Amino acid sequence: MTSEPSERQSRWGIRNWESGIAPSAETLGEGTEMMTKRILGGWKGLVAAVLAILALVLISPAPLRAGKKKADASSSLTSGPPPRVVFDTAKIVWPSPPEIPRIAFQNLFTGEKIDPSLFEKKTRKQTWMDRLAGALPADAEQVQNLPFQLIHTYGVGLDSKGRIYAADQGVAAVFVFDPENKSHVELIGNGRQANFSRIAGLALDDDDRLFVVDADQHHVVVFTPQRVVDATFGGSVLVRPSGVAIDHENRFVYVADAGNDAVDVFDADNFKLLRQIGKPSRKHDQTAPGCFAIPEGVAVDHDGNVYVTDTFNDRVEIFDADGEFVSTFGQNGDGPANFERPKGIAIDCDGHIWVVDAVQQRVKVYNKQGRLLIYFGGQGSYPGQFMGPWGIAIGPSNQVVVSETYPGRVQLFRYITDAEAADLKARREGAAPAKPPAPATQPGPNGSASISSPTPVQVAAQ
């Protein structure tokens, strides 16, 4: 007797397959028909879903693109270049108006003129004949022709024609800039006239001979006005020379030896060592007056007095023309009148002492008694601001040149003398021109100089 299959068994035919009992033909046909209908129904649903997605994609691209445009617009506003600041450099003066100006910004120099065409992509390919002839590829020619730029600039000086000399350690060369023709730049050294290792300070005498200090080679190189090496000296004495200054009247060359804590005095004509100022030492721990701990800068005034930046003691020491100690001023501190690693030093025609403070990124001007008269600078890349200032020099026409080491740059200022300031004041007040002040080498009334009271940097923007 055969049992009738249940409705579930006859519908799917599953139970019979699992139990090993062969379903009847009628049951099998019915189950197959039902399964076919469900499969077809599933395919219809899948096709409908795909069609719906396609329709959604075709309908929605415009809003998506609009949203993308808005996102691009907003991102361009936030990621674009910052607004450009335009300076009227003629208005960059210290102190700021309405005070009588005493220092005026003039110009800045960064290296040889850059030709934009050097950076255009060359399309000509190198042929086998070019390779056979040893011709350089176009890219190699571009690299060889790239202009030299200042990288780490240290000593600076000016010659009798107002040209600026800047010793750059990164390029191992002395750059010569002409303020009257900024695009004209010359290089001394760099494997041409001489081979330098690590140049530091430099100075020029009244005959435009150039003295360049090489710290690694422990000597000073002397160039003629035609930029030919004339002599080298100091190799047997100097340890790590830094700054250099020339006494034109007494014919002395002063070299600050930072590695030996002394200032060496040479004859300016035969370059023989005459004497040493300070107590030579390589420990850099001397604090007594007249001694040094890493002296970096040296300068000479019209009377032959010698000024030395005693860098690790954060002070300036003054000696007479015979090398005898006179006085000292300065101490460590973050205030404007204090020092934090003084480096370059120079004396102007009125006897004021200009000192570069490397940590505070400022140039400070003092009288001989050590009273701060004015200062300018501060960290930054705008004109009148500094990034690692080191060297300073004052020219015969009251040009003031300051070098920066990170990145290399040279800034040119003009010192407005006491006589010029008095004349400006008289004109402003509608009076007759004032009588010229006392000679430049003498202090003003009560021993004070006539530059205005301490004034911070002011950069005027248009």
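## Basis of the model

Contact here denotes heavy atoms within 4.5 Å. The structure is a predicted model, in which local features need pLDDT of at least 70 and side-chain atom pairs count only at pLDDT 80 or more, while totals for chains, interfaces and linings use all residues. Residues are numbered from 1 along each chain as its sequence is written, and side-chain values use heavy atoms, with hydrogens and water left out.

## Surroundings of S403

S403 belongs to strand β24, which spans residues 399-405; strands (E, at least two residues) and helices (H or I, at least four) are DSSP runs numbered from the N terminus. Beyond its neighbours within four places in sequence, S403 contacts T153, Y154, V156, G388, P389, W390, G391 and R409.

The relative accessible area of S403 is 0%, so the residue is buried (under 20% relative accessible area, with a 1.4 Å probe and protein chains only). A polar atom of the S403 side chain lies 2.5 Å from the backbone oxygen of Y154. The S403 side chain also reaches the backbone nitrogen of G391, at 2.8 Å.

## Overall architecture

The protein has seven helices and 25 strands. Of its 462 residues, 45% count as buried. Among contacts between residues at least 6 apart in sequence, 48% join residues at least 24 apart.

## Confidence

Mean pLDDT (the predictor's confidence in each residue, from 0 to 100) is 81 for the protein, and 69% of residues reach 70 or more. Values stay under 50 over residues 439-450, where the model has 19 contacts beyond four places in sequence. They also stay under 50 over residues 452-462, with 38 such contacts. Where pLDDT is low, predicted coordinates should not be read in detail.

Key: Buried means under 20% relative accessible area, exposed over 50%, partly exposed in between (1.4 Å probe, protein chains only). A polar contact is a pair of N or O atoms within 3.5 Å; within protein, one must be able to donate a hydrogen and the other to accept it, and residues adjacent in sequence count only if both atoms are side-chain atoms.
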